[in-house]
Amino acid sequence: IAKLEAKHLKQVNELKAHIREVEAREAEVKERAKKAETEAAEYKNKVRTHADRATGQSAAAAAIKEQVKKEEEKVAELKEKLSREKALRKDADKERRETAQ
């Protein structure tokens, strides 16, 4: 009986030691998981920040393109106006010459 109790006690102690090892590993894994979650959250924030910047830059670029388009339309209108004025001056000069003769 004493041998069996000693054997049983030894097994119990071994199991307790094993349980402590498993709990220690579990704590390490939980700590690594927590660290990984923190790093993932930081990375996600960085990505979100870059995406927000890119969106802002994209919106600014679109606004600039729109402004350029408006300016180009103004330039085209002014060119047309200038062309009409040149044609009117040419016609007026032609008429003056004809009336002078």
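Before you click, one cut-off: a residue is called buried under 20% relative accessible area, exposed over 50%, and partly exposed in between. With a relative accessible area of 33%, E85 is therefore partly exposed. Keep in mind that you are looking at a predicted model.

Select E85 together with R89. Their side chains meet in a salt bridge, 3.9 Å from N to O, and both sit in helix 1, four residues apart, or about one turn of the helix.

Now zoom out to the whole chain. The protein has one helix and zero strands. Its radius of gyration is 43 Å, well over the 13 Å that the globule rule gives for 101 residues, so the protein is more spread out than a compact globule. The C-alpha trace spans about 145 × 10 × 10 Å along its principal axes. How much of the protein counts as buried? The figure is 0% of the 101 residues.

Next, go to E26 and K30, whose side chains form a salt bridge at 3.8 Å, N to O. E26 is partly exposed at 43% relative accessibility, while K30 is exposed at 55%. Then pick E28 and R32: another salt bridge, at 3.9 Å. Here R32 counts as exposed at 52% and E28 as partly exposed at 45%. The whole structure holds five salt bridges.

Last stop: select E66, E72, E73, E77 and E80, which gather in a surface patch of negative charge. E77 belongs to helix 1, residues 2–100, and is exposed at 54% relative accessibility.

Terms used:
Residues are numbered from 1 along each chain as its sequence is written. This is a predicted model: local features need pLDDT of at least 70, side-chain atom pairs count only at pLDDT 80 or more; totals for chains, interfaces and linings use all residues. Side-chain values use heavy atoms; hydrogens and water are left out. Patches are made of residues with over 30% relative accessible area and no salt bridge: like charges are joined within 9 Å, nonpolar side chains (Val, Leu, Ile, Met, Phe, Trp, Tyr) within 5 Å. Accessible areas come from the Shrake-Rupley method with a 1.4 Å probe; for residues, only the protein chains shown count as cover. A salt bridge is a side-chain nitrogen of Lys or Arg within 4 Å of a carboxyl oxygen of Asp or Glu. Lys and Arg count as positive and Asp and Glu as negative; His and the chain ends are not counted. The place of a charge is taken as NZ of Lys, CZ of Arg, CG of Asp or CD of Glu. Helices (H or I, at least four residues) and strands (E, at least two) are DSSP runs, numbered from the N terminus. Buried means under 20% relative accessible area, exposed over 50%, partly exposed in between (1.4 Å probe, protein chains only). The radius of gyration is taken over C-alpha atoms; the globule rule is 2.2 Å times the number of residues to the power 0.38.
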